[in-house]
Amino acid sequence: MPASLAPLLKQYFGYDSFRPLQREIMEMTLAGRDVLAILPTGAGKSLCFQLPALARDGLTLVVSPLIALMKDQVDALTASGVPATLLNSSVQGAEAQRRRSALAQGEYKLLYAAPERVMTDGFIQDLQRWNVALIAVDEAHCISQWGHDFRPEYRQLAQLREHLPGVPFLALTATATAQVRGDIAQQLHLHNPELFLASFNRPNLGYTVLPKQKPTRQVYEFIRERPGQSGIVYVQSRKSAESLAAALAAEGVKAVAYHAGLQPEERIANQDAFIRDEANVVCATIAFGMGIDKPDVRFVIHADLPKNIEGYYQETGRAGRDGLPAECVLLYSRGDLVRNLKFLDDMTDPQAAEVAARQMRQMADFAEGSECRRTALLDYFGEQWPGDNCGGCDVCLQPHETWDATTEAQKLLSCVYRIKQKGGFSTGLNHAVEVLAGANTEKIRNWGHDQLSTYGIGKDTPRDEWTWLGRQLIRLGYLTASPDIYQTLSLSRSGLDALMQRSPVLLSRTPHLAGTAASSSSSSAKASRAGNIACDEDLFGELRSVRKDLADARGVPPYVIFGDVSLRHMARRYPVTDAAFLAIPGVGSQKLADFGPAFLQAIASWLTGHEPQPFPLDDAPPKPAPKMKSEGPLNPSVLETLRLFRSGKSPQQITTLRNLSPSTVAQHFASAIVCRELQADPHEFYTPEEARLIDQAAAEHGYERLAPLHEALGGSIPYDKLHFYRAFRQRDQDPPPAQPGVHGSPAGAPP
């Protein structure tokens, strides 16, 4: 691997380190190997071919299915000083010829094109002259008929093997099951490919499922609580997209619709309004892919049930691409599943209909299940979540209710048994629920089910609860559903045993919120606040305005100038020199030259009228609000960290299990040490030699503020160990309180 990769990363993209697997993928492609990389959205797939393109001779061809996505990436690369271009239907005449001439002269390092353009005879001949060194196939799942977004034109790409022999392939996608991965490798004729499979976990995303009641009102109230945030609302139909966008606009929300039925001009205008921050919300059909690369989408709402888990994962993955916290909310109604299944009646391929029905029921099982949402998603892709609480979904953030469902289960199991006994045939769950509820329907009368002993014995319980119970009994194996579309029920061996022996049936459920997605205390909101980059919010807003002005002047989306991560670091570090600005993540040499003066001037002007704020993760410990005496010295989050530590988990494991930053976990330990809630030896957290070095630096600089101490040590000892050091010093200097947890200092407060 060329040694120039690391400096190129900083020079062009403004980062000092690689994300997981990026360096390894680059090494393999630079060595001429075929590579298949499965990386979740936000993991930096694009960099895996963009950076090596700068380190190698020749042209990198990027095959992408969406024109808008190509333009966004080329705009972003150009702003970073990378010579990149695209050729598609949006580029015509003299401009297209100019770009072709420049490609022939080797002036570009990256070329983006759609698969149907790539496979034309004239284009292939051009590629043979343009010294192609790598073919990167983005959204590679489109090549597989087993994927959720199959595109037949991708199947032709393997022909490039004949026309460009010896050129390696890099296939990338954010989501692919084992079956899809195998299909990608086979259809692209990859030669002994190196497979890189990252975790499918998106730790910055919070997942919540809410009962769907009045979806337009629920969506509006959710958005109202998050003013100025960008979000996507997915619905099932074009009509719903337009009516929801209109309803939100009538309430003052800057919302637009986006679906395949719009006129091209209107669709492009609406998309541009969204990516340029002129519209905050886009209402889109689930079936239509949005080719956007907007990193600062803070929420994704599914107002209708997606048709499969892969699609749901892909669509929620459009939130939080910048790595900052984001919320994913699904409004669920059993009626959505019934409606989706009815659509299958028109399918002419019975096998395809059966597969689609199974996928729809998997999606409903996810929504109705009481299992951790993150665990369920990862399990679908063959990955295990290592803990028992992800700390970022409604199931894990709300207390579980365990209830004795024996009586109710007996009634439902008995009803299914009696139906089969009466007529010799089985029915679906809905009919069994109708019998329990004592409904007077034609089917019930014709089949004599109003004469069953179970008829009407469940009329005092809402039908939705019976349906939910039936789904749980299917999921737990008490009931067996036929694999066809009708899904008729029969008792399994365990269900028959439970019925005959009256063995207890214990179920757990998560209490639903009060029918609205608006509450700022919702589980996804709690998860989204965790791990955010604390900064001067007023200055952040000012820097967003500067970014918008620069973007408008250049005719590009604001995130092409800088992402929110970069702006938040500016608003917490207050850089006023070129060197300090260059140290901000996402600031490379070209962006320093082009945009540095405007942002540095804005920050300097801000500081003339405002005091810079300290931030706990960099400098002083947090200053929490005063606690009521009954609250005790440590908050519940710190206590959960302590519980895991006492159960044998290391600080590193706790960081992963709880989806917290290392500094946050360090502060939890520090608070517990200061309050004497954790009796520990300092050498469990840092070595005697590290203690000696810190002692020497603290003798000159003190230990109240960690930034000067960290700088004096040349950055050789990380902040988390400095947090521990300060905590032990404070503990040893302060006398134990007479009544621990009542009159002691708040957790983390300075002595």
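1. A word on the basis. This is a predicted model, where local features need pLDDT of at least 70 and side-chain atom pairs count only at pLDDT 80 or more, while totals for chains, interfaces and linings use all residues. Residues are numbered from 1 along each chain as its sequence is written, and side-chain values use heavy atoms, with hydrogens and water left out.

2. Start with helix H3, residues 47-55; helices here are DSSP runs (H or I, at least four residues), numbered from the N terminus. Eight of the nine residues in H3 are buried, where buried means under 20% relative accessible area, exposed over 50% and partly exposed in between (1.4 Å probe, protein chains only). Among the buried ones are Leu47, Phe49, Gln50 and Leu54.

3. Which helix packs on H3 at about 55 degrees? Helix H2 (residues 22-30) does, with the two axes 9 Å apart. Axes are lines fitted to C-alpha atoms, for helices over the stretch in contact, and angles run from 0 to 180 degrees between N-to-C directions. H2 and H3 are therefore oblique to each other; angles under 35 degrees count as roughly parallel, over 145 as roughly antiparallel, 65 to 115 as roughly perpendicular and the rest as oblique.

4. Now the residues between them. Gln22, Ile25, Met26, Thr29 and Leu30 in H2 meet Leu47, Cys48, Leu51 and Pro52 in H3, contact being heavy atoms within 4.5 Å. That set divides into seven nonpolar, two polar and no charged residues (Ala, Val, Leu, Ile, Met, Phe, Trp, Tyr, Cys and Pro count as nonpolar, Asp, Glu, Lys and Arg as charged, and the others, Gly among them, as polar).

5. Helices H10 (residues 215-224) and H11 (residues 238-250) cross at roughly 50 degrees, their axes coming within 10 Å. Thr216, Val219, Tyr220 and Ile223 in H10 meet Leu244, Ala247 and Leu248 in H11.

6. The largest nonpolar core has 109 residues, and Val118, Leu127, Ile135, Leu160 and Phe599 touch the most other members. Such a core is a set of buried Ala, Val, Leu, Ile, Met, Phe, Trp, Tyr and Cys residues joined through side-chain atoms within 4.5 Å. A second, separate core of 36 residues includes Leu47.

7. Finally, asparagine 440 sits in the loop between helix H19 (429-437) and helix H20 (442-446). Is asparagine 440 buried or exposed? Asparagine 440 is exposed, because its relative accessible area is 60%.

Key
Helix = DSSP H or I, 4+ residues; strand = E, 2+ residues; numbered from the N terminus.
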